[in-house]
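Please prepare a briefing on the strand pairing and sheet arrangement of the structure shown below.

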Amino acid sequence: METAEAAEGSGGPAGLICASFNQDTTSLAVGTKNGYRLFSVTSVDRLDRVHESKSPDVYIVERLFSSSLVVVVSLSMPRRMNVYHFKKGTEICNYSYSNNILAVRLNRQRLIVCLEESIYIHNIKDMKLLKTLLNTPINPTGLCALSINHSNSYLAYPGSSAIGEIIVYDANNLSTVTMIPAHDSPLAAITFSSSGTKLSSASERGTVIRVFSVPEGLKLFEFRRGMKRYVSISSLSFSTDAQFLCASSNTETVHIFKLEQHSHSRDEESPTWSAYVGKVFSAASNYLPAQVSDMMNQDRAFATVRLNVFGQKNVCALSTIQKLPRLLVASADGHLYIYNVDPQDGGECVLVKKHRLFGSDEEEEEASESEVTAAPVSQSYAATVAMPTTVPSSSAVTGYSEDGGAKKGEVIPEHEFAASPVCLDDENEFPPINSCRGWSRSGKGRRT
């Protein structure tokens, strides 16, 4: 789950400012100069509008899973964060900070507010300020990531403004976990897997994407996005099972990488031409300079998408919709693109639906009817992607259910074991806020 801010003068029909998927990729939030909208993205053919607000110039809008809790920041008051219960139409509280808010991240335990040189960690249950990380390295884009797993509630942010160091911080225990020397150049994108055990990063050069283990900080995978230098990576996102990773940039191509360890025995059993060439390259890399050797050993994209727009900022996510793997791309051109992904053979992904994000109801209906979807997917492909799940039966899983919240005394299950979109109990959990306390150095909080 990443936020992409639209570039100034993007030319989008609705002036799209921001777009973000929620923690389990079941909802999309978009903000424009005229307000913001929340959509449900649990169906390919339909993009149901969950909520709409006329709040102007929204540049940050984040929804907590499928609950009614939404955080909004507008250009008119960039130092103030508003927390709403949108189904009730009420403001839970608002907080003001010493500088402009650049990013907000949420999970079931924590709410993170990132400024250019400081980070604030709140307890999401009562909005109490738990920790302030002051004098962090200059972070002009508000780059940070928060694991959605409530047990592994890790926070990642740049450890340097000159090189690509990543600080991993335990937001539950409020202590630093490790520092990862990820890249030689400053960071451009970071994201956690849903379990919080993997962390992916890209630098401002945008050619190499790496995946590390958490909390150890060991490099697990290294992928080459392309040979071009200084490509701006706008978003990174893992699939729910952490088997795939997608990356989008300011180019027209979205790359999907497969996280698999190569088996030497498999190459020996099937001595194909590609396997032979791979062995030759691997052997030759031992005699070449380190930079050349690293480049030869980097994996290429498993699957790709060619967008119809170029130079537009976007946010991408991998999701399972109607039991099939999909790639979702919300673009600054004001559309959501949905692609089929072949998890076995990869290759070029097929566009199956294009949804308009803004406009009048009549315009959206006409656009939906006039848009031509891709050719029907073959039966063999459907059989390929309909992989069996390993989710426990509903009787064995306690906690959040599809139609309600957690029963009193039960333990919230890990996100990755949830068989359906996580639904929070709005009435019993949100808003439970008794007070929004102010604090020194930063500003004040207010409950309404």
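Strand E26 (residues 314-321) and E27 run antiparallel and are joined by eight bridges; strands here are DSSP runs of E with at least two residues, helices being runs of H or I with at least four, all numbered from the N terminus. Two strands count as paired if DSSP finds at least two bridges between them. The model is predicted, so local features need pLDDT of at least 70 and side-chain atom pairs count only at pLDDT 80 or more, whereas totals for chains, interfaces and linings use all residues. Residues are numbered from 1 along each chain as its sequence is written, and side-chain values use heavy atoms, with hydrogens and water left out.

- The hairpin formed by E26 and E27 has two residues between the strands, and Gln322 in the turn shows a positive phi of about 55 degrees.
- E27 is also joined to strand E28 (residues 335-340) by six bridges, again in an antiparallel run.
- The bridge partner of Leu328 in E28 is Ile338, while Leu327 stands opposite Tyr339 in E28.
- A hairpin of E27 and E28 has three residues between the strands, with Gly334 in the turn at a positive phi of about 90 degrees.

**Burial of E27**

- Eight of the eight residues of strand E27 (residues 324-331) are buried, so the strand is largely enclosed by the rest of the structure; buried means under 20% relative accessible area, exposed over 50%, and partly exposed in between, with a 1.4 Å probe and protein chains only.
- Leu324, Arg326, Leu328 and Ala330 point one way from E27, and Pro325, Leu327, Val329 and Ser331 point the other way, all of them buried.

**The sheet containing E27**

- The order E26-E27-E28-E30 describes an open sheet of four strands with antiparallel pairing.
- E26 and strand E30 (350-356) are the edge strands, each pairing on one side only.
- From one strand to the next, the twist averages 20 degrees; axes are lines fitted to C-alpha atoms, for helices over the stretch in contact, and angles run from 0 to 180 degrees between N-to-C directions.

**The sheet from E10 to E13**

- Another open sheet has four strands in the order E10-E11-E12-E13, with antiparallel pairing.
- Strand E10 (103-106) and strand E13 (129-134) stand at the edges with a single partner strand each, so one side of each has no neighbour in the sheet.
- Neighbouring strands of this sheet are turned against each other by 15 degrees on average, direction ignored.
- Strand E11 (residues 110-114) and strand E12 (residues 118-123) run antiparallel and are joined by five bridges, and the bridge partner of Leu111 in E12 is His122.
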